[in-house]
Every structure is written in structure tokens, then in C-alpha cells.
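Here are a few exercises to work through with the structure open beside you. Try each task before reading its solution.

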Amino acid sequence: MAETNHHEGPALVTGASGFIGRHLVRALLRQNRRVLALCRSLRDLQGLEHPLFRVIHGDLEEPQSYAAHLNDQVTVFHLAATRNSPGTSPERLHRINVEACLDLGRVSVKARIAKFVYVSTATVFGPSKVGSVTEDDGYCRHTLKSIYLRSKVRALVQMGKLLESGLPLVTVCPTIVFGPDHPTHPNRVTSYLRRLLRSRLDLVVGGGHRRRNLVYVDDAVRGMLLAERSGGLGEEYILGGEEISHRELNRTVLSLAGRKPRLRLSIPVTLARATAKVADRLRGYDRGTGYETALEMLTKEWEFSSQKAENMLGYTPMPLRDTIRQTLRFVEGAN
């Protein structure tokens, strides 16, 4: 696909109040760009006040609440989605992650927007089996039970069809993002680091040797801006950092914090799976959105290559050890 020209007009951000969204809004404002944030609750955006920042009080499921704000000068950064939290209803995952996403795409086509940067997740290409997963490996459609991942894959397929209707679509797929967060939208990895520092319990499942790709939030945001600037229409870019196992992460965090673990323990996968099944049954969680599925994600390898983004966009992530250190400074400073 041919690259499109750099565009630095106004930006409309969905999911602006979220963990990544807040960082993206700040990065856009540092470029002196006008930023519109689609949000249902004004309280969720406290702390983002700026002369160039404006909140559109609306809902992703109500296109009439945002359609008038789209035109040929606007870039849409679509981050809003329902997360893969245990107990989330499959119906809501489909409604928000697929239907509302497609509605935004269709309205954007009619408005002839400048660019549509769709922020998905690299896990749609995984898990990895041999070596690092790339965009060429295609979507993971049938190997996981996760209804969340199924909804993200379905959205990608359907959004891709809107290219033929004129949607200027570029897709970025961050790996597992972490970094400084906000009390209203805590990041899962960062929250885990807080618990680890408090407890100093080096607990893992199945030995904790499965490797996952972690990317610092500032790197992910920089990749989004690079994709807007020079990403090819219809292209997908994995935005990752470095791989690290659960066990290695625990040891790195405790070492950088100057603390020793009080206990090291590995929970057998069979025991963890049995416990997850019981918890899902007791709470009435759907099999594809419960603790069993979360455990399945935890015990898979998630190794990804960002080579395409590095070659085509100039994307360069920071060393993982440095970004963990920065996150720890934030966590310890906030306590």
C-alpha cells in the first residue's frame, strides 16, 4: 500500500480517559494539536485540562453524538473497547468492540476524515508457537476460547472491508502495554507491580517460564503517531517491546527496587485451572470470558516482532529494563 502524507490537524480520540488514551491525548497536545475526546463521563477526564482540549459528551454507541465533529481535517484515533475482564458479557463485547467500532468507521467514511488509526491488540495474531509472531501470520481465529479476542478479530476483518468504501484506515496492534497509570483506569501490569512490591511474594503459575512481550506506554503512543504520519492505508503494525517471562519479571522488579522476595512459589497449572473452573462456575461466568480463559492467556507464549513497524515507520522501543525502572519510580513516588 502507498503511504499517506503527514497530517497534523485536529484529532478525535475515543477511549481518551483510558490508560493508553490519557497518554495519547497528552502526546497530541504536546504537538499543539486540537484534541476532541468522546467520553460519557466528564469526571473520567479530570487532569487533562488544556486550552486545545475539548470533551465531546457522547457515547460510542450513539453515532449522532459525535458525527458532527468529523470532517476532512480530522484524524480519528479509535482506542475505546470493552476489556477482557472476567465476567464481561459476550453480548457487550460484541456490541462495543464490533458493532460500535463499525458504526464509527461508517460515519468516518461519510465525513471523509483525514485518517483513521484503529488501535487493536497484538494478541489477535498470537499466541506464538515457534519464534516471534508477525503480521504475516494472520489472525488467531480458533485456537483460543477468549470471546474478547474473537470480538477484536471480527472487528479487524469488518473494518478492513471499509477500506473499499474509502476509509483511510491504518491499524496498530500494541502488545501488553504498561507504565504510569491513573487511579480511575489502573493498568493491569502496573497494578501487578504494586502488589509485588507490597507482598514481595514471587508467585507464578506452571514455573512462570512463558514469555510475553511488554511495551512501555510511551512507545506504544509514539507508534500510533508514527502510524498516523506515515502508515500505509490498509496496513497493520505490531507495536512491541521485549519479551520477558513472569519469573524473570518478578526477579527484575524486586532487584531494581532493592528488595528480596519473602517467598518463591510456583502453582501447578492443573491446580490453577481447577480453581479457575470452580470460580467461573460459582460466579456464573461465561466460559469464554471467565477466569479459565484468563488463565489460558497467562500460560501461553506471547512473543511478537515489531520489525515491520521499525522498518516502515521508524518505530524504536526503549529497553525493557529502563521502562520497568521508570514505572517503578512512578509507582514508588505515588505511594
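A residue counts as buried when its relative accessible area is under 20%, as exposed when it is over 50%, and as partly exposed in between. Keep in mind that this is a predicted model.

**Exercise 1.** Work out how far helix 5 is enclosed by the rest of the structure.

*Solution.* Start by finding the helix: helix 5 covers residues 217-230, which makes 14 residues. From first C-alpha to last it reaches 20 Å, close to the 20 Å expected at 1.5 Å a residue. Next, go through the residues with the cut-off in hand. The tally is 11 buried out of 14, so helix 5 is largely enclosed by the rest of the structure.

**Exercise 2.** Find the salt-bridge partner of Glu 228 and say which parts of the chain the pair ties together.

*Solution.* Side chains of opposite charge can pair when their charged atoms come close. For Glu 228 the partner is Arg 33, with the closest N and O atoms 2.7 Å apart. Now place both ends: Glu 228 is in helix 5, while Arg 33 is in the loop between helix 1 (19-30) and strand 2 (35-39), so the bridge ties together parts 195 residues apart in sequence. Last, check burial. Glu 228 has 1% relative accessibility, so it counts as buried; Arg 33, with 2%, is buried as well.

**Exercise 3.** Are Arg 211 and Glu 248 buried or partly exposed?

*Solution.* First look at the contact: their side chains meet in a salt bridge at 3.0 Å, N to O. This pair joins strand 9 (residues 211-216) to helix 6 (residues 246-256), 37 residues apart. Then read off the accessibilities: Arg 211 is at 27%, so it counts as partly exposed, and Glu 248 is at 35%, so it is partly exposed too.

**Exercise 4.** Which two residues does Lys 308 contact through a salt bridge and over a ring face?

*Solution.* Take the salt bridge to begin with: Lys 308 pairs with Glu 235, the closest N and O atoms being 2.7 Å apart. Glu 235 lies in the loop between helix 5 and strand 10 (236-239) and Lys 308 in helix 9 (residues 307-313), so parts 73 residues apart in sequence are tied together. Now the ring: Lys 308 lies over the face of Tyr 237, 5.1 Å from the ring centre.

How values were computed: Residues are numbered from 1 along each chain as its sequence is written. This is a predicted model: local features need pLDDT of at least 70, side-chain atom pairs count only at pLDDT 80 or more; totals for chains, interfaces and linings use all residues. Side-chain values use heavy atoms; hydrogens and water are left out. Helices (H or I, at least four residues) and strands (E, at least two) are DSSP runs, numbered from the N terminus. The expected span of a helix is 1.5 Å times one less than its number of residues. Buried means under 20% relative accessible area, exposed over 50%, partly exposed in between (1.4 Å probe, protein chains only). A charge sits over a ring if NZ of Lys or CZ of Arg is within 6 Å of the ring centre and within 35 degrees of the ring normal. A salt bridge is a side-chain nitrogen of Lys or Arg within 4 Å of a carboxyl oxygen of Asp or Glu.
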